[in-house]
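Hi,

Here is the structure I said I would pass on. Have a look at it first, and then read my notes below.

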Amino acid sequence: MRGRIVSDVQWAALRELREGEPPTFPRLAAAAELHQTTIRERALRHSWEKQPYRRSGSRPLEQAAIELSDIEMPPEELRGRLAAVLPRQLGRIVALAERGHIDKAEIDALHSMVRVLERSEALSAEPAKEQQKRSDDELAGMLQRIDERIVELAVAHAERLVQARDQEGMG
């Protein structure tokens with residue numbers, strides 16, 4: 001079976017789409033060898049869902065994530081900022097869902113952020129518990145030494161009292 005001939009313009013547009021370029025109407029039109037108005041009208045008439053894509057010149061998410069990972073931030077500040085972002089993200093997702101647009105990737109990202117926050121709080125609580133246990137152990141050790149010293153002083157005082165009584169009785 002012999003296929004139809006695909007023009008260089010079509011191949012270029014198909015390659016751009018495959019390599020992650022945004023599916024703009026001109027690019028879709030070039031790939032299909034149709035006028036972009038024809039594609040735009042069909043998309044509107046059949047309610048094609050518009051896919052989010054990064055604008056030209058914007059950094060890929062992977063690069064932004066690498067740059068963000070280089071930021072040094074105290075864990076408390078990170079947890080605070082994350083806790084402030086989560087309600088806004090949730091509100092945005094709910095607003096989109098109310099309009100009939102549910103984005104699984106955004107929901108997954110929100111879920112991941114919640115898990116990171118929970119794990120971060122759990123990890124920060126562990127050293128505090130360990131420090132409290134150490135403090136309790138140190139306090140118990142000090143109290144034990146104080147008790148032992150009180151007993152030593154009481155024994156020494158009792159011995160002096162007994163010696164003083166014995167000396168009075170002899171004298």
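Predicted model: local features only at pLDDT ≥ 70, side-chain atom pairs only at ≥ 80, totals over all residues.

Two packed helices are described by the angle between their axes and the distance between the axes. For helix 2 (residues 25-32) and helix 3 (residues 36-45), the axes come within 8 Å and cross at roughly 110°. Angles of 65 to 115 degrees count as roughly perpendicular, so that is the label for helix 2 and helix 3. The crossing of helix 2 past helix 3 is right-handed.

Which residues meet there? On the helix 2 side you'll find Phe25, Pro26, Leu28, Ala29 and Ala32, and on the helix 3 side Gln36, Ile39, Arg40 and Ala43. By type, the contact between helix 2 and helix 3 splits into seven nonpolar residues, one polar and one charged.

Arg27 also sits in helix 2. Is Arg27 buried or exposed? Its relative accessibility is 18%, and since buried means under 20%, Arg27 counts as buried. Leaving out residues up to four places away in sequence, Arg27 touches Ala13, Glu16, Leu17, Glu21 and Pro22.

Next, a couple of backbone angles to check on your screen. Most residues other than glycine have a negative phi. Glu33, however, has a positive phi, near 55°, and lies in the loop between helix 2 and helix 3. With a relative accessible area of 45%, Glu33 is partly exposed. Ser47 has a positive phi too, near 50°, and its place is the loop between helix 3 and helix 4 (61-69). Ser47 is exposed, at 62% relative accessible area, as the cut-off for exposed is over 50%.

Last, the nonpolar core. The largest one has five residues in all: Leu82, Leu86, Ile93, Leu110 and Leu117. Helix 5 (75-98) and helix 6 (104-170) each supply at least two residues of this core, and helix 5 gives the most, with three.

Cheers

How values were computed. Residues numbered from 1 in each chain as written. Heavy atoms only, no water. Axes fitted to C-alpha atoms, helices over the stretch in contact; angles between N-to-C directions. Helix = DSSP H or I, 4+ residues; strand = E, 2+ residues; numbered from the N terminus. Parallel < 35°, antiparallel > 145°, perpendicular 65-115°, else oblique. Left-handed = near helix turned anticlockwise from the far one by under 90°. Contact = heavy atoms within 4.5 Å. Nonpolar A, V, L, I, M, F, W, Y, C, P; charged D, E, K, R; others polar. Buried < 20%, exposed > 50% of the residue type's maximum accessible area, 1.4 Å probe, protein only. Core = buried A, V, L, I, M, F, W, Y, C linked by side-chain atoms within 4.5 Å.
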